[in-house]
Amino acid sequence: MNTHTEEWLELADIKVELAQRDWFMGTSGNLSIREPKSPFFYISASGKDKRKQSDSDFLLVDLKGKPVEETELRPSAETLLHTVIYGKTNANCVLHVHTVENNVISELYGDEGQVSFHNHEIIKATGRWDEDSELRIPIIYNHADIQQLSDKFKQHVEEDSGAVLIRNHGITVWGISGLEAKRILEACEFLFQYQLLLNQQKAFAGSLR
């Protein structure tokens with residue numbers, strides 16, 4: 001009999017979808033979901049091939065990132081970033097993926113400390129509905145020390161949904177639900193691909209002048 005909770009199963013479904021997009025190269029990435037009415041959340045186990053599914057894909061941890069039950073599994077090395085979000089907001093799901101596009105965007109705009117998008121219909125997927133809405137995604141340095149990275153990351157976690165790029169590392173998004181977090185992630189990745197293609201076309205057009 002399957003004893004996994006509804007949240008465990010929801011996170012497993014999200015992992016399948018993101019794996020089908022090939023967003024978990026080299027066992028990279030991590031994802032989590034909060035257990036309702038408890039101070040715990042499920043997070044992906046470290047070092048596992050996320051393109052494969054098993055009953056040990058996730059483990060339950062507390063808001064300090066420590067396993068709630070005795071287990072041989074290790075939580076993701078970046079669990080501390082998830083604890084920051086759950087500690088500061090009402091978010092219930094956090095997703096982190098490494099893609100070529102989000103890494104290139106983070107390098108191109110890293111010196112500016114952010115990348116911004118305007119006048120895109122898909123920005124509505126992030127909850128911005130005004131005609132002149134702007135999506136601003138902070139870009140922070142990829143500190144090897146996870147506590148230092150967490151301290152920098154924390155400065156950009158203020159609302160119940162959001163996104164932060166870590167330079168040459170990946171993007172972390174969060175939302176009130178798994179659906180919202182996945183929607184924000186998909187919108188961001190669409191915008192990154194759009195921006196790279198637009199830059200390419202502008203460079204090509206400039207070379208013809």
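**Close-ups of a predicted model**

UniProt lists residues 9-196 as "domain: Class II aldolase/adducin N-terminal", in an unreviewed entry; its positions follow the numbering used here, feature names are shortened, and annotations may be inferred rather than shown by experiment. This is a predicted model, where local features need pLDDT of at least 70, side-chain atom pairs count only at pLDDT 80 or more, and totals for chains, interfaces and linings use all residues. Residues are numbered from 1 along each chain as its sequence is written, and side-chain values use heavy atoms, with hydrogens and water left out.

**View 1. The annotated stretch.** Residues 9-196 are 31% helix and 23% strand, and the C-alpha atoms at the ends sit 35 Å apart. Helices (H or I, at least four residues) and strands (E, at least two) are DSSP runs, numbered from the N terminus.

**View 2. The largest nonpolar core.** This core holds 34 residues, and Leu95, Val115, Ile137, Ile171 and Phe192 have the most contacts inside it. A nonpolar core here is a set of buried Ala, Val, Leu, Ile, Met, Phe, Trp, Tyr and Cys residues joined through side-chain atoms within 4.5 Å; buried means under 20% relative accessible area (1.4 Å probe, protein chains only). Leaving out residues up to four places away in sequence, Phe192 touches Glu101, Asn102, Ile105, Val115, Phe117, Ile137, Leu165 and Ile171, with contact meaning heavy atoms within 4.5 Å. A second, separate core of 18 residues includes Phe41, Val61, Leu149 and Trp174.

**View 3. His82 in its helix.** Look for His82 in helix H2 (residues 79-88). His82 is buried, at a relative accessible area of 1%. Beyond its neighbours within four places in sequence, His82 is in contact with Asn30, Leu31, Ser32, Phe41, Ile43 and Val94.

**View 4. The largest pocket.** About 340 Å³ of space lies here. A pocket is an open set of points on a 1 Å grid over the protein atoms alone, where a 1.4 Å probe fits, with protein on both sides within 12 Å along at least five of seven lines; lining residues have an atom within 4 Å of a point. Grid points are joined across faces, edges and corners, and the volume is the space filled by probe spheres set on the points. Among the 17 lining residues, Arg128, Arg136, Glu159, Ser161 and Gly162 are the closest to the centre of the largest pocket. Strand S6 gives the most to this lining, with five residues.

**View 5. The second largest pocket.** Its volume is about 220 Å³. Of its 15 lining residues, Tyr42, Phe58, Leu59, Leu60 and Glu69 lie nearest the centre.

Notes
Buried < 20%, exposed > 50% of the residue type's maximum accessible area, 1.4 Å probe, protein only.
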